[in-house]
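Okay, thanks for coming, everyone.

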Amino acid sequence: MPQQPVVGILHPGSMGAAVAACAATNAAAVLWCGQGRSPASMARAEQFGLTPVSALQELLDRSDVVISLCPPAAAEDLARDVAEHGFTGMYVEANAINPERTTRIAGLLEQGATVVDGGVIGSPPVRGKTPTLYLSGPATATARIEALFVGTAVQTMTLGTEIGKASALKLSYASFQKTSRVLVALAVGMAREHGVDQELIEVASRRTDSYLAEPEYVAKTAARAWRWGPELEEAADSLEAAGLPPEMLRAAAATLARWDDAKDDGELTLTDALNRLAQP
């Protein structure tokens, strides 16, 4: 791989575009394919200075490293497309999917590409945020990805050579963090129904380490529900595979589904979010 590789980012959402922009610090170029993408995706790619190409084949032919950051449901189909196009570079599977799916994706690509398992924990690397990209896979490959983000807002940490470790860590954390935010919404919603929501918040504020002390985050949870729900379903699948009860995470995902129509609504208020939650 050249000293400054060409990087391709697949389907850059708010996280993917920001991570790709950080990779540009140590890359010769960062490419993305706008074919079939929404105007919002195009505007985001332009905002972060990504270089457009006309087709997936061109992106794969020119890229030494491809980073996949897309909705969990699309991860395997996207990897299959990449494999069918004959990609032979390094493929970073950085989606919020369970370790079993990550292993299947590695199998799809093993004839040509080198697969690195990745999991991003934290907010997109903008406005001072510094997420961590956890990695697992072949040592030489993970070292290359670490070098790609040196000196950027994306921190990296390698967990070992086993594919699936990074995905497992990502989902383990998401299962707690996202379910906790759902529980806050339910607790505040119940309290509001009985006219004691302010008293609940006052009680919670005595413990500054409690998510319950941040009720304003309920609106942000609602706006991200379309992404968080599938992540919790992935985590539930991992629990089930481990012989652990998945029902709590599936219930949290079902609760988040009530907010699917609030997708990325930055104008949503706490009251709006609670009202939508109470209307199945």
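Predicted model: local features only at pLDDT ≥ 70, side-chain atom pairs only at ≥ 80, totals over all residues.

Let's start with Glu-202, which is partly exposed at 47% relative accessibility. For the cut-offs, buried means under 20% relative accessible area, exposed means over 50%, and partly exposed is whatever sits in between, with a 1.4 Å probe and protein chains only. Its partner is Arg-206, and the two side chains meet in a salt bridge at 3.9 Å, N to O. A salt bridge here is a side-chain nitrogen of Lys or Arg within 4 Å of a carboxyl oxygen of Asp or Glu. Arg-206 itself is exposed, at 63% relative accessible area.

Residues are numbered from 1 along each chain as its sequence is written, and side-chain values use heavy atoms, with hydrogens and water left out.

Helices, by the way, are DSSP runs of H or I, at least four residues, and strands are E runs of at least two, numbered from the N terminus. Both ends are partly exposed: Glu-233 at 32% and Arg-250 at 25%.

Now, Glu-231 and Lys-178: buried or exposed? Both are buried, and their side chains form a salt bridge at 3.4 Å, N to O. Glu-231 sits in helix H9 (residues 217-241) and Lys-178 in helix H7, 53 residues apart, so to speak a link between distant parts of the chain. There's also a network of salt bridges linking Glu-76, Arg-101, Arg-104 and Glu-234.

Last bit, the packing. The axes of H7 (residues 165-193) and H11 (residues 270-277) come within 10 Å and cross at roughly 90 degrees. Axes are lines fitted to C-alpha atoms, for helices over the stretch in contact, with angles from 0 to 180 degrees between N-to-C directions. That makes H7 roughly perpendicular to H11; under 35 degrees is roughly parallel, over 145 roughly antiparallel, 65 to 115 roughly perpendicular, and the rest oblique. Contact means heavy atoms within 4.5 Å, and the residues making it include Leu-186 and Arg-192 of H7 and Leu-274 of H11.
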